[in-house]
Amino acid sequence: MAETLPITIKVNDDLLDKFSKLKSVSNKLVAQFNFQTLTANWYGDEDDILIIELCLETPASFKLRQEELAQLSLKQFSVTHFSDDVINCFNKGDKQLLCTIAITNSELELLVLQPKLLVGFIEVKLRKVLNLIAQQQSLASI
């Protein structure tokens, strides 16, 4: 049986179609971020591990997810807008966090024009989001 990692990355199909390397980039970043958060002692109590799903979205799919998350905020979830392109939805009872991140139109244009920037750009953007989560949850930055 495979053990689920605390941090996962889900990429919108339209982004995967546009950037063929994105799947391998996200797989590498899952391993890297899980290791870095482990060494930053995010998982000191094995019975109280924060589960984080990072969802990379297009501007259109981000808007749809934003509407879905607005409905969740009416229930047991705490929804925080870190910025115009990052929404954090936290289920405190289950210690699960869903973070929806848009790759904006201007970012998409840049990445299409300069595909070599993809790896570094995605890593920096997701690291920033994880550090915002760390700050929110009183964890060490990575």
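These legends describe close-up views of a predicted model.

Local features need pLDDT of at least 70 and side-chain atom pairs count only at pLDDT 80 or more, while totals for chains, interfaces and linings use all residues. Residues are numbered from 1 along each chain as its sequence is written, and side-chain values use heavy atoms, with hydrogens and water left out.

**View 1. Five strands form an open sheet.**
The strand order is E1-E2-E5-E4-E3, and the pairing is mixed. Strands (E, at least two residues) and helices (H or I, at least four residues) are DSSP runs, numbered from the N terminus. Two strands pair if DSSP finds at least two bridges between them. Strand E1 (7-11) and strand E3 (78-83) are the edge strands, each pairing on one side only. From one strand to the next, the twist averages 20 degrees. Axes for such angles are lines fitted to C-alpha atoms, for helices over the stretch in contact; angles run from 0 to 180 degrees between N-to-C directions.

**View 2. E3 and E4 form a hairpin.**
Two residues lie between these strands. E3 and strand E4 (residues 86-91) run antiparallel, joined by five bridges. His81 has Ile87 in E4 as its bridge partner. Ser83 has Val86 in E4 as its partner.

**View 3. E4 and E5 form a hairpin.**
Here four residues separate the strands. Lys95, in the turn, has a positive phi of about 55 degrees. Six bridges join E4 to strand E5 (residues 96-102), and the two run antiparallel. Ile87 stands opposite Thr100 in E5.

**View 4. Both faces of E4 are covered.**
Six of the six residues of E4 are buried. Buried means under 20% relative accessible area, exposed over 50%, and partly exposed in between (1.4 Å probe, protein chains only). Val86, Asn88 and Phe90 lie on one side. Ile87, Cys89 and Asn91 lie on the other.

**View 5. Helix H2 covers residues 22-39.**
Its 18 residues should span 26 Å at 1.5 Å a residue, and the end C-alpha atoms are 25 Å apart, which agrees. The expected span is 1.5 Å times one less than the number of residues. Buried residues of H2 include Leu22, Val25, Leu29 and Phe33. Their cover includes E1, helix H1 (13-18) and H5. After H2 comes Asn41, with a positive phi near 65 degrees.

**View 6. Helix H5 covers residues 118-136.**
H5 has 19 residues and reaches 27 Å from its first C-alpha to its last, close to the 27 Å expected. Among its buried residues are Ile122, Leu126, Val129 and Ile133. Glu123 and Arg127 of H5 are also buried. Just after H5, Ser138 takes a positive phi of about 60 degrees.

Conventions
Contact means heavy atoms within 4.5 Å.
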